[in-house]
Amino acid sequence: MDSIHIHGGIALQGQVHIQGSKNAALPVLAATLLTAERSYIRNCPRIADVHAMVSLLKKLGCHVSWREDGLQVDSAEVSLGAMQGEAVKGMRSSLCLLGALLGRCGEAVLEHPGGCVIGERPIDLHLRALEQMGVTFSEGKGMIRGAARRLHGARIELPLPSVGATENIILAGVLAEGDTCIIGAAKEPEITALCRYLQNCGASIEGTGTDRLLIHGGTRLRGADFTVPPDRIVAGTYLMACIGTGGCILLEGAPAGEMADVLKAASQMGASCWVTEEGICMQASGFPRPVERLVTMPYPGFPTDLQSAALAVLAAAEGQSIVEERIFENRFRVAEELNRMGARIEQVDAHMAVVHGAGKLHGAEVEAKELRGGAALVIAGLMAQGETKVTGCPYIYRGYENICKDFRELGARIASV
Ligand code: UD1
């Protein structure tokens, strides 16, 4: 299923259910290593990244099985093994295993996750914070080895609110001796989800949802049931597709409370959105409006993971928009592919693009080079006149459970081939 074929130009209509969140599920799955008991993770999305995390957990000795509505993880026996290969290199979240294994076993061996197409993605903040907690790292032959004779709490000030580093500190902190205080923690809802799972297991964490977290370490954790929250990025992707194509849809179960800035941008782009008990309802005009300036920011700002989707829609708006990327330095690679569909996106530098709205897009053969950029190309294909073929789709399946089926349910002509 390498490519997706789209016959564009159809306004979306109907309702679609929003899957469980990838970025919440992955650290929670890593966290199951911190208890020797069984956990049940409901609403876990069946996506490539979750399958990769499951294979890594199994490699560590966990018994993991899919049930009807989720994943059962039994981590009674964990045997330390080197974490390497595609499941590690291709998935940033494998890095969460570092904090979890240090918490559970006092040591961890992981292949260096390296950079990736959306930017450098260094891990200095992860390593520095864990060092403050008593971990010694050595690197060689592309592997990172971490070991702590005594993992202990620390006062850690993060110079920038890194989501992954915050997660790793929490994971190491819950079983460490003493208290860990994170100042400048990331506030993304996925971190709150991780804290909620750990609290269900008996961990003591204060300040969830704020930039100052206090973790009282050392409590023996029990297994727990947990329901993965809906994916705000998938909801935002479908919302952007509706703005781009026009139409009227219900995003069933969409976490509106976590999407204030996305809804604000949607309204600037000309869509009417209203929140109901069922989710987010939206009505789009079919003629997206340009925005003066769209800026990505850490939560609760406009998410970097939806920047490419917004770029695709703004490419077809009549007029000029400025898009500023403040998180990653290589998120505009998709612009080149969108330009092959008739967009006129001019990349000023690593952090800014000027979109000269072309009014409409036309179909073309384009290539997904990363997850969210790939989803943006699907949106562009839905908006474009004529046929679009998106190749490189395994990237898209890393995060979207049923992107083609979901859009088909909304009336689109789209198929994975
Ligand atoms: C997570 C999300 C990703 C999202 C991103 C920002 C997961 C699996 N991924 O990625 O979808 O786009 O948050 O919301 O949850 N940085 C450093 N040193 C470090 C770590 C990060 O300089 O040690 C920098 C990064 O280069 C980037 C910024 O901090 O510029 C934010 O990165 P971070 O929040 O860590 O993103 P991820 O956790 O990798």
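**Ligand shell, nonpolar cores and selected residues**

The side chains of Ser3 and His5 form a polar contact at 3.4 Å, a polar contact being a pair of N or O atoms within 3.5 Å in which, within protein, one atom must be able to donate a hydrogen and the other to accept it, and residues adjacent in sequence count only if both atoms are side-chain atoms. The structure is a predicted model, in which local features need pLDDT of at least 70 and side-chain atom pairs count only at pLDDT 80 or more, whereas totals for chains, interfaces and linings use all residues. Residues are numbered from 1 along each chain as its sequence is written, and side-chain values use heavy atoms, with hydrogens and water left out.

Ser3 is located in the segment before β1 (4-7); strands (E, at least two residues) and helices (H or I, at least four) are DSSP runs numbered from the N terminus. With a relative accessible area of 7%, Ser3 is buried, the classes being buried under 20%, exposed over 50% and partly exposed in between (1.4 Å probe, protein chains only). Residues up to four places away in sequence aside, Ser3 touches Lys389, Val390, Thr391, Cys393, Tyr397, Ala415, Ser416 and Val417, where contact means heavy atoms within 4.5 Å.

Gln72 lies in strand β5 (residues 70-74) and is buried, its relative accessible area being 15%. A polar contact of 3.4 Å joins the side chain of Gln72 to that of Arg67. Beyond neighbours within four places in sequence, the contacts of Gln72 are Arg38, Ser39, Tyr40, His63, Val64, Ser65 and Arg67. The C-alpha atoms of Gln72 and Leu29 are 9.8 Å apart, with a separation of 43 residues in sequence.

The largest nonpolar core comprises 75 residues, of which Leu97, Ile170 and Leu198 touch the most other members; such a core is a set of buried Ala, Val, Leu, Ile, Met, Phe, Trp, Tyr and Cys residues joined through side-chain atoms within 4.5 Å. Helix α1 (residues 22-31) contributes the most to this core, with seven residues. Leu97 is in contact with Ala30, Leu33, Met53, Leu56, Leu57, Leu60, Met83 and Leu110, residues up to four places away in sequence not being counted. A separate second core holds 74 residues, including Ile249, Ala266, Val378 and Phe407.

Helix α6 (residues 163-173) is mostly covered, with nine of its eleven residues buried. Among them are Glu167, Asn168 and Ile170. At the start of α6, a side-chain oxygen of Ser162 comes to within 3.0 Å of the backbone nitrogen of Ala165.

A nitrogen atom of the ligand is 2.7 Å from a polar side-chain atom of Asp124. A side-chain N or O atom of Ser162 lies 2.6 Å from an oxygen atom of the ligand, and a side-chain N or O atom of Asp305 is likewise 2.6 Å from a ligand oxygen atom. On its own the ligand has 740 Å² of accessible area, 86% of which the protein covers (Shrake-Rupley method, 1.4 Å probe).
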